[in-house]
Amino acid sequence: MARPTPLSGYPELLPAARAVEREVIASLSRTFELHGFANIETRVAEPLDRLAKGGEIDKEIYVLRRLQADDTADDTGLGLHFDLTVPFARYVLEHAGHLEFPFRRYQIQPCWRGERPQEGRYRQFTQADIDVVGKDELPFHHDVEVMRVMVEALGALPLPRLSFQVNNRKLIQGFYRGLGIPDVTAAIRQIDKLDKLPEDAVVELLAEHAGASAEQAQRCLELATIRVADHSLVDRVQALGVTDDLLSRGLAELASVLDGCRDVVGERVSVEANLRIARGLDYYTGTVVEIYMEGYERLKAVGGGGRYDALAEDGRTTYPGVGVSFGLSRTLVPLISEGVLSGSRAVPSAVLVALADEQSRPASERVADALRARGIAAEVAASPQKYGRQIRYAERRGIPFVWFPASDPGVGDQVKDIRSGDQLDADAATWDPPADDLRPGIVVTHATDETSSTDERQRQ
Ligand code: AMP
């Protein structure tokens, strides 16, 4: 076989980088589960008509085709899911009879989109989603809940500072309606272009597509430029002088989300109202959020989500939901390739058990087994090379300890920390590595102007 050609848009990680991703997934899962979210995994294939529904954006769906299938085969008309929300909605409908509502679930799986690959934008990428879904109704406090859980989950990760930018669809719709804009939906679509076009271009589009007067368009811009993290939000919006029921409800909801997150935000995550966020024309009906990473604004949103009052419905029952999706690949792949995040080692082993000669292999395996029985990952050296070479073998893999089984009866085993060079007597039945060395960890390297310094090591 010829040497394989790399395929762009399908990132693959080397073992140490994969250890970073695994630690992140473990940490997210732990936080989600602490809040009672159950894990599910949905199949990769969904019927095309279900994938094509909703949203105006063409998600560049990959179609699944069996080489020898003809048009009548029962596995035609399937595609790969492009997000985790659509398969989740189908899953809820299909299994509703066996689920308890409100149903909290988290899901961490790959998605596929046939987009033009670039940094942070891939054809296969992993998403981490949490959602709460109700039957017929879902109280508003769940909007606050999912936001808090995601803030807590992401705040536990060693990432650059994240900012949750929250808005509310009711607020925008009510404001436009109260202003008397003829086509509210079109206005939302134009305001959504503010991050790509200058303000006066958006004013023109508002006039052209939404029938807004110059005065109305100006007010829309004033609303869209409000960005605050505290209660002054309510005053700022009210000062614009528009009154409408829906606007009041949306404003109260948005203020509650900010209030509700106040005690979970911190050094690593902030939550603020940004009245420009609309999340396209997707199915959102209330709270909407986009997550940005400081210094990485070029990646656009690293996560997003919101409230959807009719996520799924089967004619008799409606299942409203609220959720947030975090782009694991969008975030981690660039940070790993820049060297900001790396794995502390490429293998799980905390200990390499040295091998004096081939006849001693069973004795070395016994030591490794004694360590493994106590939850310490260990491997036996591949070959009985000189001890210096066995130590270098461990060093190259980032294994922190080398174990020397007793060579003669009566002489005890010894273990060497190859970073410090310290070598001590040890017994495999009782010795423990420092907790930080038990599993591969995430090493964070902050780039400074000319040098970079490793100043944080996070263990899960
Ligand atoms: P969307 O469903 O388009 O709102 O995207 C939700 C989140 O998924 C985004 O905020 C990104 O984090 C992530 N995402 C979307 N498309 C891609 C892609 N092609 N590659 C990597 N991540 C993506």
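Entry 1, helix 11. I looked up burial in helix 11 of this predicted model and found that Leu328, Ser329, Arg330, Thr331, Leu332, Val333, Pro334, Leu335 and Ile336 are buried, where buried means under 20% relative accessible area with a 1.4 Å probe and protein chains only. Helices here are DSSP runs of H or I with at least four residues, and strands are runs of E with at least two, both numbered from the N terminus. Because nine of the ten residues of helix 11 (residues 328-337) are buried, I noted this helix as largely enclosed by the rest of the structure. Its buried residues pack against helix 1 (15-34) and several strands, among them strand 5 (103-112) and strand 13 (341-343). Just after helix 11, I found Gly339 with a positive phi of about 80 degrees.

I then looked up the largest nonpolar core, which has 82 residues, and Leu28, Phe164, Tyr176, Leu233 and Leu341 have the most contacts inside it. Such a core is a set of buried Ala, Val, Leu, Ile, Met, Phe, Trp, Tyr and Cys residues joined through side-chain atoms within 4.5 Å. Helix 4 (residues 141-155) gives the most to this core, with eight residues. I also listed what Leu341 touches (heavy atoms within 4.5 Å), leaving aside residues up to four places away in sequence, and the partners include Val20, Pro158, Leu332 and Ile442.

Local features need pLDDT of at least 70 and side-chain atom pairs count only at pLDDT 80 or more, whereas totals for chains, interfaces and linings use all residues.

Methods: Residues are numbered from 1 along each chain as its sequence is written. Side-chain values use heavy atoms; hydrogens and water are left out. Buried means under 20% relative accessible area, exposed over 50%, partly exposed in between (1.4 Å probe, protein chains only).
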